[in-house]
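Open the model in your viewer and keep the sequence panel beside it. The tour below goes stop by stop, saying what to select and what is there.

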Amino acid sequence: MEAFEYSLKELQQQLHSGETTVENLVNLSFSRIEEVDDQVGAFLRLDKERAVERARELDRQLKQDEISAQDALFGLPVGVKDNIVTKGLVTTCASQMLKNFEPVHDATVVEKLRDAGTVTVGKLNMDEFAMGSSNENSGYKLCRNPWNLDHVPGGSSGGSAAAVAAGEVPFSLGSDTGGSIREPAAYCGVVGMKPTYGRVSRFGLVAFASSLDQIGPITRSVEDNALVMQHIAGFDERDSTSADMDVPDFLAGLTGDIKGMKIAVPKEYLGEGVDKGVREKVQEALQLLKELGAEYEEVSLPHSKYALAAYYVLASSEASANLARFDGIRYGVRKTEDNLLDTYKKSRSDGFGDEVKRRIMLGTFALSSGYYDAYYKKAQRVRTLIKEDFEDLFLQYDVVIGPTSPTTAFKIGEAVDDPMTMYANDILTIPMNLAGVPAISIPCGLSEDMPVGLQIIGRHFDEATVYKVAHAYEKAASHNARPQFKGGAQA
Amino acid sequence: MERITEEQIRHVAELARLELKDEEIRHFGEQLDKIIDAAQQLNELDTENIAPTSHVLDVRNVLRDDEVKPSLPREEALKNAPDQQDGQIRVPSILE
């Protein structure tokens, strides 16, 4: 059994019983990375020296009994998406613009994980500035799907999902603006949670679309995911949009008992455009949930079809404002010209890739004089309708369930220069960001040897119920297929 | 291109502080036209009496006590600046 086939709790027990050491776990992570990452491409950068040094220090603490059993993540290696800042460890957002950017502080989530005793092994590949659904927009290298190396891992947190699926780390952090945790989790057959907007601090997350961005964990199991969420959630005075609310015990509800739970299944999520194989797996999952005592009914989210257009207007508008800060003056790469304006233009044009430029252009257009009301304001009004759709459903149902993505992972190169085809992959994940509700993607079987993701969506700040249902399904279904590393360089 | 003219694309690029080649102007122009065409779909909905949502949570004016706390030391703040002199960021001349 590979080390990271064990649950986080089991790894923890092994550390406390002396069966393994932190240094050993960290070395296992690095040796697995060395073994497979040439093919997978999940990591942009490793922090080996500091990680090993820290592991030795943690082992000393463990020996001296300074650690209590409460420190459930103590000594565990973690990979962090490269748009989450790490002090002294270059953070690029997979953009050439930031190729030498060395943050002077840690993101709140990184600080919280460090306080919990984790060891950061490196930074994970992604679509540049988190814009993309396939990881093909990385400014550095391709990331491949461990199930089949000819396929994309999904995006934008492609590296975060692929690294966990390939057993390079037991868990990772990603970020989700329109599906960027859930879609790659689905494509790579792992568990990814986008919490309620405001549940996790965004301080230190390089902003893409501030009203939509959330950080969340990617893990191999629901229980592991809940455990990590327990440690990163909570109010942060450095993020004024983080919610000042108590964080419940996410593990307490993982009993397997979902009798009487009411599930809504929007017909729009299983309709046209959703692959037959995906639809079948989701229907099997619903059947199993029914056998476990839950009830499900078909419902309608009437404004679903407008979510994609509203999202691309809003997210791009916010992005065009957020990315204005990258002008080559205070940080990032500067291309010096004769005057300041040309220096801005040259630095930005050289530093950003095509998709980033496309979205900045779209957002700048939507916010420009004469178009603001027709596009930006209109999309904000439609956002209200989408949010109300969910609020109406949650008056009667505990969770909403559907697929995470209309297809399984597609082939590398298939959609890369057709923005509308690429954007359509996000159609089932975008509404939850617009509404701000929590949603998880968990594996629900294979279609033509590729993983299918089941998406479970909850009320605002009710991640606990989402975890409860996800865990009950996972336990009952017991999917145990593992990535095969088909195709790619080896084929 | 129907909805956006080449001239508009150039104007937007100028606002966005991007320098685009003629080929990029054409390419992005076509793609943006398609995306904006898709966004027209929103006009099917009557939103006359719908309030816009800019933020999903009802949070406003988050305040904290005005306490003096240590801030980033100057050398740390300047650490990533590509060009600097005498503890300040240096930029090209802004006066003609």
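The model is predicted, so local features need pLDDT of at least 70 and side-chain atom pairs count only at pLDDT 80 or more, while totals for chains, interfaces and linings use all residues. Residues are numbered from 1 along each chain as its sequence is written, chains are lettered from A and ligands numbered from 1 in the order in which they are written, and side-chain values use heavy atoms, with hydrogens and water left out.

**Stop 1: the annotated site**

Select A:Lys81, A:Ser156 and A:Ser180, which an unreviewed UniProt entry lists under "active site". UniProt positions are given in the numbering used here, feature names are shortened, and annotations may be inferred rather than shown by experiment. The three residues span 100 residues in sequence, yet no two of their C-alpha atoms are more than 11.0 Å apart, so they gather at one spot. Of these residues, A:Ser180 is included in the lining of the largest cavity. A cavity here is a set of points, on a 1 Å grid over the protein atoms alone, where a 1.4 Å probe fits but cannot get out; lining residues have an atom within 4 Å of a point.

A:Lys81 belongs to strand β2 of chain A, residues 77–81. Helices (H or I, at least four residues) and strands (E, at least two) are DSSP runs, numbered from the N terminus. A:Lys81 counts as buried because its relative accessibility is 0%. Show its contacts (heavy atoms within 4.5 Å). Beyond residues up to four places away in sequence, A:Lys81 touches, among others, A:Lys123, A:Met126, A:Ser156, A:Ser160, A:Ser175 and A:Ser180.

Move to A:Ser156, in the loop between β3 (119–124) and α5 (158–165) of chain A. A:Ser156 is also buried, at a relative accessible area of 0%. Its contacts, leaving aside neighbours within four places in sequence, include A:Lys81, A:Asn125, A:Asp127, A:Gly132, A:Asn135 and A:Ser180.

**Stop 2: backbone geometry**

Most residues other than glycine have a negative phi, and most peptide bonds are trans. Select the peptide bond from A:Gly155 to A:Ser156: it is cis, with omega near 5 degrees.

Next select A:Phe129, where phi is positive, near 50 degrees, in a residue other than glycine. A:Phe129 is in the loop between β3 and α5 of chain A, and it counts as buried at 3% relative accessibility. Then go to A:Phe485, with a positive phi of about 55 degrees although it is not a glycine. A:Phe485 sits in the segment after α15 (463–477) of chain A and is buried, with a relative accessible area of 16%.

**Stop 3: salt bridges**

How many salt bridges does a search of the whole structure find over all chains? The search finds 34, a salt bridge being a side-chain nitrogen of Lys or Arg within 4 Å of a carboxyl oxygen of Asp or Glu.

Select A:Lys335 and A:Asp350, whose closest N and O atoms are 3.2 Å apart in a salt bridge. A:Lys335 lies in the loop between α9 (307–322) and α10 (340–351) and A:Asp350 in helix α10, so the pair ties together parts that are 15 residues apart in sequence. A:Lys335 counts as partly exposed at 33% relative accessibility, and A:Asp350 is partly exposed at 37%.

In chain B, select B:Asp83 and B:Arg90, a salt bridge with its closest N and O atoms 3.3 Å apart. B:Asp83 is partly exposed at 24% relative accessibility, as is B:Arg90 with a relative accessible area of 41%. Back in chain A, salt bridges that share partners join A:Glu5, A:Arg220 and A:Arg482 into one network.

**Stop 4: A:Gly88**

Select A:Gly88, in the loop between β2 and α4 (108–115) of chain A. A:Gly88 is partly exposed, with a relative accessible area of 36%. Apart from residues up to four places away in sequence, A:Gly88 touches A:Arg50, A:Glu102 and A:Pro103.

How values were computed:
On a 1 Å grid over the protein atoms alone, a cavity is a set of points where a 1.4 Å probe fits but cannot get out, and a pocket is an open set with protein on both sides within 12 Å along at least five of seven lines; lining residues have an atom within 4 Å of a point. Buried means under 20% relative accessible area, exposed over 50%, partly exposed in between (1.4 Å probe, protein chains only).
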